[in-house]
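Please look at the structure first.

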Amino acid sequence: MEKQDPAVEFAFDADDLLGEGPVWSATEQALYWVDIKYPRVRRWTPATGEQAAWSVPEEIGSMALRVQGGMVLALQHGFATLDLEDGTVTTLHDPEPDQAGNRFNDGKCDAQGRFWAGTMDEEEKVASGSLYRLDADLESQRIVEGVICSNGLGWSPDGGLMYYTDTRTHRIDVFDFDAATGDIANRRTFAEIPADHGVPDGLTVDAEGALWVACWGGWRVIRFAPDGLVDREVMMPVPQPTSCTFGGPSLSRLYVTSAKVGLDQAVLERAPKSGCIFAIDTETRGQGDHHFAG
Ligand code: CA
């Protein structure tokens, strides 16, 4: 392990098994995220220390806040909604009922309020996963097929590009994105993560169009400039950072989730904060997380 970057602060003692999918609520000044394996949705309000959690009936890959209130969820086997007032989970539909060995993984809303979420082979061997787009009418479309482990998503500030990671390729790819229709085209490689830096997991795109990518197994978060070149590597005190998003009053504080699942005792002793939330004050700011329009 290289030396931890002094910019990394221990933020919240989440103790998640597999913390993931952070979403910042600007109105509440609160961070939401999921513990995929617990499974539950969590919320922490940094200014007050208040926390809350909502249990869900099966593994949860990701979620987004809805314009109308509550959340849309990508559960193990399909889309659902969560009423944050009473905790009710309501199933919408499973877009791939024939894929029992898959589960949903990362998801995120684009600026137009469509919720994108992908599936993965639980054993990460077969390209049985897909990336779906859930539109405001609650219908979903299969957009990308042949995915082993659908993961990080993000969009350029001008809305012209969509970034996407199938972790097993070790690449972050980029598509041309039609913001009006939600169509994607012209997939190509944006950046590749060297094997000894871990694999690309969740990501966020800042207001300058640079990507912050959590590198699972790599003890780091890497910032890629819009041209795909490495701009900064932030060394973390945990081997499995999972995802990140910008929060705080000025959207300049990067919150990073992490996981302890799968780590042996020796690694846990070196990285006892695995599963907790970290924060990095940056010189840039985020675009802000979008709500689901449906
Ligand atoms: Ca992930």
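## Rings, burial and a cavity

In this predicted model, the charged end of Arg40 sits over the ring of Tyr38, 3.9 Å from the ring centre.

Q: What makes Arg40 count as a charge that sits over the ring of Tyr38?
A: The distance from the ring centre is 3.9 Å, and the cut-off is within 6 Å, together with a position within 35 degrees of the ring normal. Lys273 likewise lies over the face of Phe10, at 5.0 Å from the ring centre.

Q: Why is the aromatic pair of Phe12 and Trp44 called stacked?
A: The structure holds 17 aromatic pairs. In the pair of Phe12 and Trp44, the distance is 5.0 Å centre to centre, with 20° between the planes. Rings pair if their centres lie within 6.5 Å, and planes under 30 degrees apart count as stacked, so the term applies.

Q: What makes this a link between distant parts of the chain?
A: Phe12 belongs to strand β1 (residues 8-12) and Trp44 to strand β4 (residues 40-44), 32 residues apart. Ring pairs also join Phe12 and Trp44 with Trp24, Trp33 and Tyr255 in a cluster.

Q: How do you know whether Phe12 is buried or exposed?
A: Its relative accessible area is 9%. Buried means under 20%, so Phe12 is buried. Trp44, with a relative accessible area of 8%, is buried by that rule.

Q: Why is the pair of Tyr164 and Phe175 called tilted?
A: The ring centres are 6.5 Å apart and the planes stand at 45°. Stacked requires under 30 degrees and edge-to-face over 60, so the pair is tilted. Tyr164 lies in strand β15 (residues 161-166) and Phe175 in strand β16 (residues 171-178), so the pair ties together parts that are 11 residues apart in sequence. Both residues are buried.

Q: How do you know whether Leu134 is buried or exposed?
A: Leu134, in strand β12 (residues 129-134), has a relative accessible area of 0%. Since buried means under 20%, Leu134 is buried. Among the residues that Leu134 touches are Val72, Phe79, Leu92, Phe115 and Phe292.

Q: What residues line the largest cavity, and what makes 2 of them charged?
A: The lining consists of Gln76, His77, Asp94, Glu96, Gln99, Asn102, Phe104 and Thr119. Asp and Glu count as charged, so Asp94 and Glu96 are the 2 charged residues. The lining also has 1 nonpolar and 5 polar residues. About 30 Å³ of space lies in this cavity.

Key
Residues are numbered from 1 along each chain as its sequence is written. This is a predicted model: local features need pLDDT of at least 70, side-chain atom pairs count only at pLDDT 80 or more; totals for chains, interfaces and linings use all residues. Side-chain values use heavy atoms; hydrogens and water are left out. Rings of Phe, Tyr and Trp (its six-membered ring) pair if their centres lie within 6.5 Å; planes under 30 degrees apart count as stacked, over 60 as edge-to-face and the rest as tilted. Helices (H or I, at least four residues) and strands (E, at least two) are DSSP runs, numbered from the N terminus. Buried means under 20% relative accessible area, exposed over 50%, partly exposed in between (1.4 Å probe, protein chains only). Contact means heavy atoms within 4.5 Å. On a 1 Å grid over the protein atoms alone, a cavity is a set of points where a 1.4 Å probe fits but cannot get out, and a pocket is an open set with protein on both sides within 12 Å along at least five of seven lines; lining residues have an atom within 4 Å of a point. Grid points are joined across faces, edges and corners, and a volume is the space filled by probe spheres set on the points. Lists of a residue's contacts leave out its neighbours within four places in sequence.
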